[in-house]
Amino acid sequence: MKINSNFKLFAATNFDATKYIPSPAYGVNRFMLDRVGEEKARATTIVEYKPNSKFPQHTHIGGEEFLVLAGTFKDQFGEFPAGTYVRNPIDSKHAPWVDEDGCTIMVKLLQMADTGEGTDPLHVNLEEAKSKDGVTTDFGTRLELYKNDQTGERVQMFWVNPDAKLPSDKGGQSGGEELFVMNGSLELDGAEYSKWGWLRFPVGGTPERASLKASKEGAQVYRKTGHLTDKALSMEK
């Protein structure tokens, strides 16, 4: 299966709950953003866990990175409410479940490089980290979440002020850029990407990128840069 699999092209989509696809696990549905592979795939996906659903224990041979968008995600490592950022390292194992509140996450699989980072997971409560480590900018607030100097990957969270432009950075221009709207919406060249919308810019960006800004309600945006170079892609486990 291939969905938005050409990383040299711009790709974007808005979330549509009517296009969820059932997973092999009962009560777990997927909205696919990009994908290369079948059940075992390099993938970026919005995953919905219905109330009281669960997923069998599995190993993340290429690591797992996710944002909790709604409800509470639970596994043997803890309980993670909406607004939590998680990185589970290469070869980590878990058997997640949810209770009555259900859960929705945006998850990235098989997109980590084995660069000696160890086996400890990373869990970040975004609002708490914003209060402690957030950096005020002329367009809002920036929070650094992860950086890998060997691959060029950098992960950040932004709270963008209403109508403010979200500038690209050197990493995005030279290594590609991926954006996910957690709250609010973004506008790009006349198109609007609302809550849980997704955009991916190739290495070098696009001419339209300069127009990217938050809507009148502002936006909370996950951003990953530097991960779409040939080198970075070749290092993915």
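**Reading a predicted model, feature by feature**

Colleague: Leucine 110 sits in the loop between strand 11 (103–109) and strand 12 (122–125). What is the phi of leucine 110?

Modeller: One thing before we look: this is a predicted model. Now the general idea: most residues other than glycine have a negative phi. Leucine 110 isn't a glycine, yet its phi is positive, at about 55 degrees.

Colleague: And is leucine 110 buried or exposed?

Modeller: We call a residue buried when its relative accessible area is under 20%. Leucine 110 comes out at 15%, so it counts as buried.

Colleague: Which other residue has a positive phi although it is not a glycine?

Modeller: Asparagine 4 is one, with a phi of about 45 degrees. You'll find asparagine 4 in the loop between strand 1 (2–3) and strand 2. Its relative accessibility is 32%, so it goes down as partly exposed.

Colleague: Let's move on to pockets. How much space lies in the largest pocket?

Modeller: The idea first: rolling a probe the size of a water molecule over the atoms shows where empty space is left. Here the largest pocket holds about 470 Å³. Its lining has 25 residues, and those nearest the centre are Glu39, Phe55, His58, His60 and Leu109. Two or more lining residues come from each of strand 4 (28–37), strand 5 (41–49), strand 6 (58–60), strand 7 (64–75) and strand 11.

Colleague: Which strand gives the most to that lining, and how many residues?

Modeller: Strand 5 does, with five residues. By type, the lining of the largest pocket splits into 13 nonpolar, seven polar and five charged residues.

Colleague: What about the second largest pocket?

Modeller: That one has about 260 Å³ of space. It is lined by 15 residues, with Pro89, Ile90, Met112, Glu117 and Gly118 nearest its centre. The lining of the second largest pocket contains six nonpolar, four polar and five charged residues.

Colleague: Where is lysine 19, and which residues is it in contact with beyond its sequence neighbours?

Modeller: Look at the loop between strand 2 (11–13) and strand 3 (21–22). Once you set aside neighbours within four places in sequence, lysine 19 contacts Arg30 and Phe31. Phenylalanine 31 is twelve residues along the chain from lysine 19, and their C-alpha atoms are 6.4 Å apart. The relative accessible area of lysine 19 is 54%, which makes it exposed.

Colleague: Now the cores. Which residues in the largest nonpolar core touch the most other members?

Modeller: Of its 23 residues, those are Ile46, Leu67, Tyr85, Leu126, Met157 and Phe180. Strand 4, strand 7, helix 1 (126–133), strand 14 (140–147), strand 15 (154–160) and strand 16 (177–188) each give two or more residues to this core.

Colleague: Last topic: how many salt bridges does a search of the whole structure find?

Modeller: Side chains of opposite charge can pair when their charged atoms come close. In this structure the search finds 20 salt bridges. One of them joins aspartate 230 and lysine 8, at 3.5 Å from N to O. Aspartate 230 is in helix 3 (residues 230–235) and lysine 8 is in the loop between strand 1 and strand 2, 222 residues apart. Aspartate 230 is exposed at 56% relative accessibility, and lysine 8 is exposed at 61%.

Methods. Residues are numbered from 1 along each chain as its sequence is written. This is a predicted model: local features need pLDDT of at least 70, side-chain atom pairs count only at pLDDT 80 or more; totals for chains, interfaces and linings use all residues. Side-chain values use heavy atoms; hydrogens and water are left out. On a 1 Å grid over the protein atoms alone, a cavity is a set of points where a 1.4 Å probe fits but cannot get out, and a pocket is an open set with protein on both sides within 12 Å along at least five of seven lines; lining residues have an atom within 4 Å of a point. Grid points are joined across faces, edges and corners, and a volume is the space filled by probe spheres set on the points. Helices (H or I, at least four residues) and strands (E, at least two) are DSSP runs, numbered from the N terminus. Ala, Val, Leu, Ile, Met, Phe, Trp, Tyr, Cys and Pro count as nonpolar, Asp, Glu, Lys and Arg as charged, and the others, Gly among them, as polar. Buried means under 20% relative accessible area, exposed over 50%, partly exposed in between (1.4 Å probe, protein chains only). Contact means heavy atoms within 4.5 Å. A nonpolar core is a set of buried Ala, Val, Leu, Ile, Met, Phe, Trp, Tyr and Cys residues joined through side-chain atoms within 4.5 Å. A salt bridge is a side-chain nitrogen of Lys or Arg within 4 Å of a carboxyl oxygen of Asp or Glu.
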